[in-house]
Amino acid sequence: MTQAPYSLNVKEYKLNNGLTVWLDEDHSQSKVFGAVVVKAGAKDCPNTGIAHYFEHMMFKGTDKIGTINYEEEKPLLDAIAQKYDELVLIKDSTQRTSLLKEINNLSIQAAQYAVPNEFERLITRYGGNKLNAGTSFDYTAYFNTFSPQYLAHWAEINSERLIRPVFRLFQTELETVYEEKNMYNDFIGAQALEKLTERYFSPHPYAYPIIGSTENLKNPQISQMEKFFKEYYVASNMGVILSGDFNTETAIPILERTFSRIHRGEAPRKEVIFPLPFKGKEKFQVKVPIPVVKALVLAFRGVPANHEDQVALNIAVSLLNNTNGTGYLDKLSVNGKLLGVMSMNESLNEAGMLGILVIPKLMFQSYSAAEKLVWNEINRIKNGDFNDKLFQALKLEQKRKYEATLEDINSRSEVMIRLFTQGKSWKSYLQEVTHIDQLTKEDIIRVADKYFGNDYLYVTKKMGRYAKNTLPKPSFKPIVAKNSEAVSTYAKQLENIPVKEMRPRFLDFIADVQSFPLMPNVQLYATPNPVNKVFSLHIAYGIGMIERPVLKHLSNYLLYLGTETLSYDEFRHRLQELGSNLSFETDRDRFMIKISGFDEHFEATLALVSDFMENVKPEEKKMKPIVSEEKVTRNAFFKSSDEVALAVLEKIKYDEQSSYLTKLSFSEVKKLKGKDLLKVFREVQCIGCNFHYCGILPVEKVASKIKQYFSLGKITESTHIPYYRKIRAYSKSVVYFYDMPDVSQSIIYGYIPGASLPEDYTRNQAKLLSGYLGRGMSSLLFQEIREFRSLAYRVQAEYKLPPVKLKDQPTYFQTMLSTQGDKTLDALETLDSLLREMPVKPEKMKAVKQTIINNIHNNYPSFRELSEKIAILQSDGYENDPSLSLMEDLARIDMNTLNSFYKKHILPYPVIWAIIGNSKQINMDKLAGFGKIIKLKGKDIYKK
């Protein structure tokens with residue numbers, strides 16, 4: 001591998017208390033990614049959800065953070081903890097309700113001392129953004145990005161949170177976890193996956209959901225959470241991961257001074273209970289609420305992390321499926337023998353997941369016939385029926401993937417977290433590349449024979465739904481902290497830590513990229529790759545799905561084709577032998593051709609791709625999977641409340657210009673011919689485009705080769721970006737309702753159409769209002785709706801602005817939340833009241849502004865993202881980084897300015913509501929109080 005030293009030189013240290021530190025110094029971006037990782041997850045508290053719930057509570061503060069007087073708060077918190085221990089022993093519903101009301105009263109009293117979200121505010125105050133956490137089966141990670149000058153603050157705050165965490169505001173956060181569970185239960189196939197996971201891993205703790213069972217969530221115990229913390233959150237079981245713009249020698253004493261305060265100790269080491277071996281072909285069924293479509297899973301026992309067969313098994317699986325579509329299973333889809341087929345090979349710490357998902361052709365193909373096709377291809381690998389060229393190409397592809405994961409701070413940090421939790425060293429990870437080179441054909445045959453054996457789980461889908469165990473909404477009062485904007489003594493002390501001021505790094509449209517026209521409508525953007533010898537060349541044509549919905553089908557169809565002289569197999573194998581890859585993507589505004597590979601094969605790759613673009617050959621039989629995939633998508637659409645909600649929102653905003661209504665109907669898709677799609681492909685290639693190159697070649701050579709291999713002369717039409725759709729105006733409030741009887745949660749969107757905002761200063765006020773109302777944990781809507789009232793897990797808001805080129809066009813405000821069905825009116829009333837009479841809290845402004853500054857400071861793109869970011873801003877009409885004017889205006893905008901903006905651009909306009917939920921759980925008469933109810937049907941929002 002040819003990585004630059006900074007990305008490879010991850011240094012490992014042990015602090016005095018035994019805590020592990022991994023440091024990856026990388027000055028390519030002016031930010032640092034920081035994570036605290038604990039080797040404790042859902043498997044260490046099976047089915048209780050304690051690990052996940054504890055992760056939520058870690059944001060509530062400590063005996064110093066998040067309180068104005070812990071000495072007076074503590075007796076109340078202790079009493080609450082005692083009441084929860086009593087609750088576990090009570091089965092009578094009346095008694096439980098009475099005890100929960102006692103807990104509620106105590107919680108309201110305790111909340112008078114709480115400073116909610118102070119931890120998040122401190123992270124924000126000292127340069128942080130993207131604060132989050134995640135719980136897996138094996139570990140829990142707490143992480144965020146921060147500006148380099150605040151390393152000492154980050155270390156101080158994150159170590160302090162781990163010394164004496166306090167479980168305040170427990171009752172409301174538990175309701176939030178319920179909402180999270182309800183959200184997952186509404187996702188298509190989520191419950192089926194839960195049932196399959198249970199069967200696959202039993203009796204290992206991986207069999208239980210990470211979030212825990214509803215029954216256990218009914219009976220939370222703070223005492224058990226404290227026990228979990230004391231056992232697992234000890235220094236020897238934890239790690240600190242830093243990657244980014246810092247000095248290693250400076251960082252080490254800071255981390256020693258702060259994180260060495262973490263409690264010493266050894267975490268419990270439980271005996272591993274392995275999943276039971278399958279005996280022959282074991283049959284199992286799961287329910288999925290999608291008609292017509294069949295689904296089959298062949299599930300085998302895989303390998304856990306660090307297993308000696310892991311690398312070889314990865315290659316064996318790539319012989320079945322790979323990114324170039326040359327795998328034996330890929331060809332079953334490409335050739336129309338199956339509707340779809342995909343293999344999976346994942347390694348958890350104590351068990352592996354190896355499986356193949358098979359979608360038989362619609363209507364007449366049986367499960368047994370589909371399975372036979374899959375086994376024929378598996379047996380080819382077991383019999384060694386693959387040539388050395390393919391084998392070597394797949395090894396090259398694996399190496400490219402390894403290099404790609406090490407390219408930038410974000411992706412490299414994810415790898416570091418995973419490796420640390422698996423007990424693997426950075427050095428051993430890098431050596432896996434050498435292991436790839438050493439693999440032989442015999443190694444692949446051996447692992448294929450070993451793991452794709454005759455003992456496996458045979459899972460089929462049947463039409464149906466599982467019953468949802470939804471808890472009724474609580475009757476307790478909102479727990480509102482009167483000191484929501486207070487500052488703790490600890491927070492004041494942090495101000496004494498010295499800070500070296502640093503200006504944000506803004507995009508420089510001239511210095512950051514090399515850019516020049518290749519033709520009147522063709523621009524080349526080039527950025528150097530300082531890390532490896534993997535190039536990327538993206539061609540972005542200025543037209544997307546909103547204007548030409550057929551482009552979605554074109555991008556799918558092109559993946560199945562070859563050329564006049566090269567069959568699909570020959571074309572894709574030649575790409576693969578070069579270590580290159582070709583894909584097609586369509587988003588709302590652009591049609592993208594994405595090419596990647598090794599710079600030493602740049603010209604050969606371009607020759608292949610340009611030949612494909614000029615001479616791609618239509619195959620009508622390859623249209624069958626396009627039609628079948630479309631039918632599957634349409635069958636699933638009305639089973640997803642999130643998708644339906646977006647369609648309703650588009651209807652509200654754009655009426656008949658909704659992308660869900662302008663798309664091709666199914667009958668139109670069925671009538672599509674391959675030659676028609678390729679005609680569209682030729683038309684696209686005549687529209688203005690940008691070439692984005694990132695690699696090590698001189699830009700002059702790149703430009704020369706692009707001109708040599710691509711027919712730029714035919715690009716005569718200007719880009720269509722930005723493409724504009726007129727938004728709808730309303731004279732009074734309306735409620736658009738779509739009834740979904742099977743969902744647990746209601747999804748609520750609020751839409752407020754407004755006037756145009758042509759001035760930069762006013763546009764920047766709108767951006768600040770977005771932060772004040774609905775971005776981040778300290779935003780008004782998050783605190784009032786989620787934190788104080790537990791009415792939603794997801795809640796957000798944003799003032800939407802058209803591109804600066806279209807600044808004379810109208811703007812609009814949009815907000816969204818999802819809530820349990822029987823809480824719909826409560827949530828709607830709260831949201832509506834906040835929009836109709838926005839609370840004015842000047843003390844919030846400093847944190848809102850700091851959040852914007854942090855986002856500017858920490859979001860400078862990686863080297864491979866840089867040119868596309870600049871090109872998008874330029875196509876929107878910007879001549880320089882818009883963050884420059886935003887930073888200048890922040891100082892001028894105060895709470896009075898923001899409130900005036902609200903009164904002028906939100907308050908006078910009606911709120912148009914979109915509500916997707918179960919009408920049986922909602923009082924529709926009361927709902928009518930928010931506006932005339934218009935009940936929508938499927939045909940109103942989705943073109944069949």
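The text below goes through a pocket, then the cavities, then a sheet.

Keep in mind that this is a predicted model.

Let's start with the second largest pocket, which holds about 560 Å³ of space. Its lining is made of 23 residues, and the ones nearest the centre are Arg 96, Leu 100, Tyr 178, Leu 471 and Pro 472. Helix H3 (70-89), helix H4 (93-110) and helix H7 (170-186) are the elements that each give two or more residues to this lining. H4 has the largest share, with five residues. Sort the lining of this pocket by class and you get eleven nonpolar, five polar and seven charged residues.

**The cavities**

How do you find gaps like these? Rolling a probe the size of a water molecule over the atoms shows where empty space is left. The structure has six cavities of 30 Å³ or more. Here are two of them:

| Cavity | Volume | Lining by class |
|---|---|---|
| Largest cavity | about 140 Å³ | seven nonpolar, four polar, six charged residues |
| Second largest cavity | about 90 Å³ | seven nonpolar, three polar, two charged residues |

Around the largest cavity there are 17 lining residues, and Asn 185, Phe 187, Gln 191, Pro 289 and Arg 465 are the closest to its centre. H7 and helix H8 (190-201) are the elements that give two or more residues here. The largest share, three residues, belongs to H8.

The second largest cavity has a lining that includes Tyr 541, Ser 610, Met 613, Glu 614 and Phe 710. Helix H22 (residues 602-615) gives the most to this lining, with three residues.

**The sheet**

Now for the strands. In what order do the six strands of the open sheet lie? They run E20-E21-E19-E22-E18-E23, and the pairing is mixed. Strand E20 (794-800) and strand E23 (932-935) are at the edges with a single partner strand each, so one side of each has no neighbour in the sheet. On average, neighbouring strands of this sheet are turned by 15 degrees against each other, direction ignored.

Take a look at how E23 is held by its partner: strand E18 (residues 734-739) and E23 run parallel and are joined by four bridges. Tyr 736, for instance, has Ile 934 in E23 as its bridge partner.

Finally, there's a helix to spot. Helix H24 (residues 641-654) lies across E18, strand E19 (745-756), E20, strand E21 (810-820) and strand E22 (912-917). H24 runs at about 25 degrees to E19.

Definitions and conventions
Residues numbered from 1 in each chain as written. Predicted model: local features only at pLDDT ≥ 70, side-chain atom pairs only at ≥ 80, totals over all residues. Heavy atoms only, no water. 1 Å grid on protein atoms, 1.4 Å probe; cavity = no way out; pocket = protein on both sides within 12 Å on 5 of 7 lines; lining within 4 Å. Points joined across faces, edges and corners; volume = space filled by probe spheres on them. Nonpolar A, V, L, I, M, F, W, Y, C, P; charged D, E, K, R; others polar. Pairing = 2+ DSSP bridges. Axes fitted to C-alpha atoms, helices over the stretch in contact; angles between N-to-C directions. Contact = heavy atoms within 4.5 Å.
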